[in-house]
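These are my notebook entries on one protein model. I record what I looked up, entry by entry.

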Amino acid sequence: MVRKKLSLILAIALLLTAASSFAFAETQERGKLTYGSTVDMDTDKEWYPTEFILYLQDMINADIEFIEYDNDTLQLALASGDMPDLMMVNTASTILDGGLAVPLDDYLEEYGQNILKYEQRNAVLREFVSNGDGKLYFHTPNTGAEDMTGSTTTWNGYLVRWDLYKEIGAPAINSDDEYIEVLKQMIEIAPTPANGGPVYAMGLHGTDQWAWNIRSMANLGYSNTTTWAYAVNTQTTELVENYTNPDSPFWANMEFYFKLNREGLLDPDSFTMTGDQVQEKAANNQYVGSYCTWYTSDMYDTNRESDPNTLAGIIAVYGEGMSGWYGSNHTVGWGDKLTFITTSCENIPLAVQFLDALDSDELNRVHYSGIEGQTWNYVDGVPTLTDEVVALKAEGGDEWSHLGISSFSNTIGASGFGMHEDGYYYSLWDDPELKYAGLSPLEKDYADFYGVQYPSQVHYNMVLEGTAINQSGNQTQAVQLGMAVRPNEIQRIDARLEEIVNRTIPSLVTAADQAAFDAAKEALINELKGAGADESWEWWNENWNGTLARLNEMFAE
């Protein structure tokens, strides 16, 4: 009888405790977090805050203020110690050396169970990004396989204005020289822009070496490092000299832009334009090609305002052997997007809960597919997107943007191909028929033309057939994350190499003829070697390969 009475008393006590806890949670004051980075969070848009941001805030019961820095103001914040609660940076050394990050370890058991699930990522971060103390300081986004089957479209390839490309017969393109001929033919039939300006093959935001490097780097199967002096083979993760190897992607690009310029096809403003200026000219229909679809998207958006079914936009076609910028398995996430809790943070448990939410099944599904009951439902046990959201994606515009689907990719914990506990991907969009239903008129016309269900499936099919490649072997992010900090002398050499190349690019591209180009090429390589290129390469080659070997050991364990 005594035992029964004790049991009853304990049961009542537990019920009272649970009720009290629930009441506390219901009345708990809403918190606040500040998050700073150089990433544009679109907080100035009419459709902000997105449904995703609202969901995240409610999930952790806190309002989040995003603070956008440029490189200078970011460094000032770090130097002054006047930091937000959380920050994202591209490299860890300054943060670790300055003791600016809070170690997460003591908070994970109570507040970070989702973070703990990423054992391999955490192990690499503890070993390589902790200044040797073995603690966990950072969170990386997009851990896992990236676009395994190719996203709806790829941003790289032989980029053409689709309506004009079809008009000239959609000829096959399997080399840069053939691409140049196609660009010439499209320019010949291109209508005069509304502003009366000239039409070029393309224009670049050429004050940035990214623009001068990325086209061939992506198409030939390479990715970049923290300096443009070196490139990484995305099949093997091997490092190659980008400036001093005459057969590198850099020199393939220089040869391409030299030929474009000789033909009068390169916008002469390419040496001084910004990305916004490139977009402005694209919106005016002054280009028939591009080096990256990100910088010409306004062409299609603007044309579609006057003709919803227009085909006048830039899209990729593919040559044999061409690489697609997708398929990497980022075992440690995007190593150049490092989020940490700053020592200025006054509510560390709440900040850890923010990071933990990023790694949760729940929030990753919301990020990639939207909210259950709003954009998707379970149909016979299968998570299924609604017809309305599929149509909304195809339509685009503010209403689609307000959902915030896939808008937080620089911060969210997993890739869209991560597996939810329900047995399906976080992203519910990887279904060929579904992709087709969500295509824009231009994308649908392209898919119909090639007999596929989404544009990049053309390239993915080539990968399956063995006639093209993607980045399935790429571990660049992991190696870069684990690399030793470059000694000051190597940093000085690398900066000097980039400075020399920046100064020389215009003379290469505008060389009078092939002989002049070849002479300028030889002279540049010799100048780079004289500036210490061999010394830099020796350090990079040793440290890159050493890190890669250690990572391979860890991944095999």
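Is Pro141 buried or exposed? I found that Pro141 is buried, with a relative accessible area of 1%. I noted the cut-offs: buried means under 20% relative accessible area, exposed means over 50%, and partly exposed lies in between, with a 1.4 Å probe and protein chains only.

**Basis of the entries.** I work with a predicted model, in which local features need pLDDT of at least 70, side-chain atom pairs count only at pLDDT 80 or more, and totals for chains, interfaces and linings use all residues. Residues are numbered from 1 along each chain as its sequence is written, and side-chain values use heavy atoms, with hydrogens and water left out.

**Entry: Pro141.** I located Pro141 in the loop between α7 (119-128) and β4 (144-145). Helices (H or I, at least four residues) and strands (E, at least two) are DSSP runs, numbered from the N terminus. Leaving out residues up to four places away in sequence, I listed what Pro141 touches: Gly333, Trp334, Lys337, Ser409, Asn410, Thr411, Ile412 and Gly413. Contact here means heavy atoms within 4.5 Å. I also looked up Pro141 and Phe408, which are 267 residues apart in sequence and 9.3 Å apart in space, C-alpha to C-alpha.

**Entry: the loop between β1 and α2.** Most residues other than glycine have a negative phi, and most peptide bonds are trans. Pro49 is found in the loop between β1 (31-37) and α2. The peptide bond from Tyr48 to Pro49 is cis, with omega near 5°. Asp42 also has its place in the loop between β1 and α2. Phi of Asp42 is near 60°, a positive value in a residue other than glycine. Asp42 counts as partly exposed, at 24% relative accessibility.

**Entry: Thr237.** I found Thr237 in the loop between β7 (230-233) and β8 (239-241). Phi of Thr237 is near 65°, which is positive in a residue other than glycine. Is Thr237 buried or exposed? Thr237 is buried, with a relative accessible area of 2%.

**Entry: α2 with α14.** Two packed helices are described by the angle between their axes and the distance between the axes. I looked up helix α2 (residues 51-60) and helix α14 (residues 348-358), whose axes come within 10 Å and cross at roughly 130°. That makes α2 oblique to α14. The axes are lines fitted to C-alpha atoms, for helices over the stretch in contact, and angles run from 0 to 180 degrees between N-to-C directions. Angles under 35 degrees count as roughly parallel, over 145 as roughly antiparallel, 65 to 115 as roughly perpendicular and the rest as oblique. The crossing of α2 and α14 is right-handed. A crossing is right-handed if the near helix is turned clockwise from the far one by less than a right angle, and left-handed if anticlockwise. Leu56, Met59 and Ile60 in α2 meet Leu350, Gln353, Phe354 and Ala357 in α14. By class, the contact of α2 with α14 has 6 nonpolar, 1 polar and no charged residues. Ala, Val, Leu, Ile, Met, Phe, Trp, Tyr, Cys and Pro count as nonpolar, Asp, Glu, Lys and Arg as charged, and the others, Gly among them, as polar.

**Entry: α11 with α23.** At what angle do α11 and α23 cross? The axes of helix α11 (residues 249-262) and helix α23 (residues 514-530) cross at roughly 150° and come within 12 Å. That makes α11 roughly antiparallel to α23. I recorded a right-handed crossing for α11 and α23. From α11, Trp251, Met254, Glu255 and Phe258 meet Gln514, Phe517, Lys521, Leu524 and Ile525 in α23. The contact of α11 with α23 has 6 nonpolar, 1 polar and 2 charged residues by class.

Entry: I found helix α15 (residues 361-369) mostly covered, with 8 of its 9 residues buried. Among the buried ones are Asp361, Arg365 and Tyr368. What covers the buried residues of α15 includes α2, α14, β13 and β14 (382-385). Just after α15, Gly370 takes a positive phi of about 95°. Tyr378 is found in strand β13 (residues 376-379) and is partly exposed, with a relative accessible area of 36%. Among the residues that Tyr378 touches, not counting those up to four places away in sequence, are Arg365 and His420.

**Entry: cysteines.** How many disulfides does a search of the whole structure find? I noted 0 disulfides, a disulfide being a pair of cysteine sulfur atoms within 2.5 Å. Cys292 is buried at a relative accessible area of 0%, and Cys345 is buried at 9%.
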